[in-house]
Amino acid sequence: MKGPPLAAPSYMRTLLFGLWLAASSAFALDAATIDKLAFGDGDEKIAAIAALVAEGDPAAAALLQAAADGELQTSGKRVLIVKGEEGVDAATGAKVSPLPADREDVILNNRVRRELGGAVAALKLISPDSAARLAAAKELSGNADAAMLPLIKKALARETDTEVKQLLELTQATLELKTGTRESRLGAVRTLGLSTNPNTKMLLLGLLEKSKEGSFTEPDEDIRIEAQKSLRALEGRLAWGERAGVLFTSVSLGSILLLAALGLAITYGLMGVINMAHGELIMVGAYTTYVVQNLFRRTAFFDWYPLAAVPAAFLVAALVGMALERLVIRWLYGRPLETLLATWGISLMLIQTVRTIFGAANVQVENPSFMSGGIELFTGVVMPWSRIYIIAFAAFVLFLMYVLLNKTRLGLYVRGVTQNREMASCVGVPTARVDTWAFGLGSGIAGLAGCALSQIDNVGPNLGQSYIVDSFMVVVLGGVGQLAGTVYAALGLGFANKLLEAWQGAVLAKIAVLVFIIFFIQKRPQGMFALKGRALDS
Amino acid sequence: MKRRIFIKQLAMSAAVAAIGFGSSSLYAQGKTIKVGVLHSLSGTMAISETVLKDVTLMAIEDINAKGGVLGMKLEAVVVDPASNWPLFAEKARQLLTQDKVAVTFGCWTSVSRKSVLPVFEELNGLLFYPVQYEGEELSKNVFYTGAAPNQQAIPAVEYLMSKEGGAAKRWVLLGTDYVYPRTTNKILRAFLKSKGVADKDIDEKYTPFGHSDYQTIVADVKKFAAGGKTAVVSTINGDSNVPFYKELGNQGLKATDVPVVAFSVGEEELRGVDTKPLVGHLAAWNYFMSIKDPTNDAWKKQWAAYAKKKKLAGADKPLTNDPMEAAWIGIHMWKQAVEKAKSTDTDKVIAAMGGQTFKAPSGITSTMDPKNHHLHKAVFIGEVQANGQFNVVWKTKGPVKAQPWSPFIAGNDKKKDEPDGKTIITK
């Protein structure tokens, strides 16, 4: 299929038509191939893609790219490339205007899209832009077709970028493994040992497979030995990637638990208020984020809305919390049962209020674009940006809280009041006002948690209820009155949950963690870290 | 004026009495027929069920505008069981005993259906259930207008096994932990085994309702997929789907490598999810909004106008989906059956339901099976597009008869393909 097919009448006609329109002759693609691509079944489409790749000229590349981007449409017998409101005829390159009304999308399924992705990538290997080449080489790894081997070899010969070169060599190795000579196959197996692609494992395992009669399917012993070596190297690397993945997911879950529990560590841990409305303060923060996001939606600064949403979520939740303290909780200090009931009632009222204003259904908080996608640091382990940002955010909030409690006058007051109210009052600390501020701070931090959670979880009126149990678990496990304990407990629970989930599944992991906490609290009611001193006696 | 209204009412009640002669239930209800709507409007299932309430109300409005049923207007009684399964039973009892509804349209999850089933059987009520489900149930008091496993799950898996679908060799069966995913996966496992798939190539995983951390699951799927061409069959229900698909997109698990076919994800569930990274993932349904058919076009227009008029959430982007279509078919078939039976009496309506036909928005004329309380439906498999719609990549030649008793579960071959009158006891 190299070069233009000869003497196809439709092709000639197309060419003449193209010349007549004085259009670029680069658009002279074989009409029959285009027809197959647009109207054919799966097999025909794939054949057409292969033919277009073999042609390798810019027009074919443009056509394939358009098909991959979903810009290919048909109108009757004509095939069009439609970009927005403008369309060109795929065969001639002539501009079509106005666009016919009866256009239909060319439907591709996964199988065709896979071939198409490989084809577009193969054609991009000769792109002058090294970033484009790298993306193409990545796309091709594990997705290359034997027919692309010459193209890849050609690209390798002129490639200068080491990263692209490495990827291409691996892809070449995968292909040569199937078709090459004994020498090239041996080399290929050795190269594959350097791979970081999990799919390579399957390829190597295939070499070591035994047939039903007990003989190896791969007759060459040298290749088998090399495959064994490469497999071991690869498995080692994959195992490390896996460990890194578990570590990351554990820290990520831990950071979410920490964020959810930090506010409670102040209101419950330091102040001793059993605040059942804590979850709803998280929800208030999440809804504030939603409102701010909506305000930014029509502007060009949509990606920056978290910058406004973070302080807004803090302020709104803090104000709600302070109002709560002033109006209800201050009258109930020292009466834990009443506090529990009152705050629980308030939580129901907050849920209903939100339901009335925003509706019972979940609302959609869209991630800013820099928080979508992920980064692959280890083999096969993608760390989503949203989670990385949340881990950083949790660390940031923790740091702020530490500074606030330990380095500022307000923090000093809060610690003083919680440790010995009478004494603090005697030396002139306005204890009632400090209570309000401290409760506001705890609530505001819950609002920050809501802001972060809105990026990964569903935002609905019931958001808080799914976190209230977790939050109390973290604070109680860590030890009431201890910030450091909260941090350890959150991370510890994150690890326990993720390790168990990997081993026994999500449902059992959740149950097992609960059972563990029950036993732990039985043994150590004061939590992991107990406050020592006279303060607790009061 | 007053006298005229009085005369009108007299005439109307006379007409009602004439039509409803011999049917005690009509006398009891006076001028309107009460219709129960039992869908969660809050909680984890609200994402899916709220629109079913709306489409049922639209159908009622539509039927009333065209003269009602038997000359009487329908009156909707909407209750919110709040994704709380025991509350479903309570609300169902309230609908049947206090409101005395003639028929109820409701439920989404199988656990909610199982919760209300004893109530409907005890009080001889009538329930129309509009969602695809796992089968293994056939109650005289329920009409199932969604798909049975052979009308959704099995064809989807067959497609993924085919060359066109990517020839998957390994399977991850991923679901929410309750009766529908567990039973569906039991059927699928038996089906896969009958096709020669070994146990080591099937990985079954469950998450709790409302689960939101899918990092480990997606990472596990990736690892599993390194062992051969893998497909994921997802029976995740409710709003957990949003974090699941977000995680898939963020971790870069592409449909060309590992396709995910979902049985509970439609246009509505994908609203607000960035679908660009999800292009190519699949769903199997008996209706897609993108189906090109005049009936569908008219229905979509009607829905868009209704959503705008009622200022429904999401009216700026009105979406239709399969359970909505099933709810729409259900209420219209009920209307036809009532008109045929000339009564809203439960037993008479049940007798009149068999063999009813209705031109459904999917472009297919759906038929209610004469015996087994299920619809004959066509099966479509669609791939997610960048705009959140599905492109149909495969469909059955015509309507398929439902098999509520899947042949892939042992002992089902002895069960009768019609309600046997016995109260259903579920394991």
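This is a predicted model: local features need pLDDT of at least 70, side-chain atom pairs count only at pLDDT 80 or more; totals for chains, interfaces and linings use all residues.
**Reading the A–B interface and the cores**

Q: What area do chain A and chain B bury between them?
A: About 3,600 Å². Carbon and sulfur atoms account for 43% of it.

Q: How many salt bridges does the rule find across the interface?
A: Look for a Lys or Arg nitrogen within 4 Å of an Asp or Glu carboxyl oxygen. Between chain A and chain B there are 8. One of them pairs A:Arg387 with B:Asp213, with the closest N and O atoms 3.7 Å apart. Polar contacts across the interface of chain A and chain B come to 17 residue pairs.

Q: Which residues touch the most other members of the largest nonpolar core?
A: Start with the general idea: in soluble globular proteins, nonpolar side chains tend to be buried together. Here the largest core has 72 residues, and A:Leu259, A:Ile282 and A:Leu493 touch the most other members. H11(A) provides the largest share of this core, 12 residues.

Q: What does A:Ile282 touch, beyond residues up to four places away in sequence?
A: Its contacts include A:Ala260, A:Leu453, A:Leu463 and A:Tyr467.

Q: Which residues does the second, separate core include?
A: Among its 70 residues are B:Ala102, B:Leu117, B:Trp303 and B:Met333.

Technical notes. Residues are numbered from 1 along each chain as its sequence is written. Chains are lettered from A and ligands numbered from 1 in the order in which they are written. Side-chain values use heavy atoms; hydrogens and water are left out. Buried area is the accessible area (1.4 Å probe) that two parts lose on being put together, summed over both. A salt bridge is a side-chain nitrogen of Lys or Arg within 4 Å of a carboxyl oxygen of Asp or Glu. A polar contact is a pair of N or O atoms within 3.5 Å; within protein, one must be able to donate a hydrogen and the other to accept it, and residues adjacent in sequence count only if both atoms are side-chain atoms. A nonpolar core is a set of buried Ala, Val, Leu, Ile, Met, Phe, Trp, Tyr and Cys residues joined through side-chain atoms within 4.5 Å. Buried means under 20% relative accessible area, exposed over 50%, partly exposed in between (1.4 Å probe, protein chains only). Helices (H or I, at least four residues) and strands (E, at least two) are DSSP runs, numbered from the N terminus. Contact means heavy atoms within 4.5 Å.
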